[in-house]
Amino acid sequence: MSDDDFDAFMALLDDVAALRQLPVLSDRAKLLFFDAVRRYPLHIVEKAIQAHLIDPVEGRFKTMVQPAHIVAQIEGAAANDGR
């Protein structure tokens, strides 16, 4: 992601919090999250968040998605399609 994606990413995290009925993350927490996953394009991060939300194991917990969840989804998808 580029710095231009930051506002869209922040909005995405706010939407996840709303969906999970959780408080929104602080701006600092969002920045830390962004920095942790910025090596991936925004559309890939969004797909990974969506995959995490519907994951039958991880998605059932009413907790906020974490950077490690996103990386696991992306890396798992890459491993499954032979990248």
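**Note on helix packing, the nonpolar core and the aromatic cluster**

1. H1 and helix H3 (residues 42–54) pack at an angle of about 10°, with their axes 11 Å apart, where axes are lines fitted to C-alpha atoms, for helices over the stretch in contact, and angles run from 0 to 180 degrees between N-to-C directions. H1 and H3 are therefore roughly parallel to each other, since angles under 35 degrees count as roughly parallel, over 145 as roughly antiparallel, 65 to 115 as roughly perpendicular and the rest as oblique. Helices (H or I, at least four residues) are DSSP runs, numbered from the N terminus.

2. A word on the basis of this note: this is a predicted model, in which local features need pLDDT of at least 70 and side-chain atom pairs count only at pLDDT 80 or more, while totals for chains, interfaces and linings use all residues. Residues are numbered from 1 along each chain as its sequence is written, and side-chain values use heavy atoms, with hydrogens and water left out.

3. On the H1 side of the helix pair, Ala8, Phe9, Leu12, Val16 and Leu19 meet Leu42, Val45, Glu46, Ile49 and Leu53 of H3, contact meaning heavy atoms within 4.5 Å. The residues of this contact divide into nine nonpolar, no polar and one charged, with Ala, Val, Leu, Ile, Met, Phe, Trp, Tyr, Cys and Pro counted as nonpolar, Asp, Glu, Lys and Arg as charged, and the others, Gly among them, as polar.

4. The largest nonpolar core holds 20 residues, of which Met1, Phe9, Phe33, Val37, Val45, Val65 and Ile70 touch the most other members; such a core is a set of buried Ala, Val, Leu, Ile, Met, Phe, Trp, Tyr and Cys residues joined through side-chain atoms within 4.5 Å. Two or more residues come from each of H1, H2, H3 and helix H4 (67–80), and H1 gives the most, with seven residues.

5. Val45, found in helix H3, counts as buried at 0% relative accessibility (buried means under 20% relative accessible area, exposed over 50%, partly exposed in between, with a 1.4 Å probe and protein chains only). Not counting residues up to four places away in sequence, Val45 touches Met1, Phe9, Val37, Tyr40 and Ile70. Ile70, with neighbours within four places in sequence left aside, is in contact with Phe33, Val37, Val45, Ala48, Ile49 and Val65.

6. Met1 lies in the segment before H1 and, at 14% relative accessibility, counts as buried. Leaving aside neighbours within four places in sequence, the contacts of Met1 include Phe9, Phe34, Val37, Tyr40 and Val45. Met1 and Asp35 are 34 residues apart in sequence and 9.2 Å apart in space, C-alpha to C-alpha.

7. The count of aromatic pairs comes to three, where rings of Phe, Tyr and Trp (its six-membered ring) pair if their centres lie within 6.5 Å, and planes under 30 degrees apart count as stacked, over 60 as edge-to-face and the rest as tilted. Phe6 and Phe34 form an edge-to-face pair, at 5.1 Å centre to centre and with 85° between the planes. This pair links distant parts of the chain, with Phe6 in helix H1 (residues 6–19) and Phe34 in helix H2 (residues 27–37), 28 residues apart. Phe34 is buried, with a relative accessible area of 2%, and Phe6, Phe9, Phe33 and Phe34 form one aromatic cluster.

8. Lys30 deserves a separate look: this residue is found in helix H2 and counts as buried at 4% relative accessibility. Not counting residues up to four places away in sequence, Lys30 touches Phe6, Phe9, Met10, Leu13, Asp14 and Leu25.
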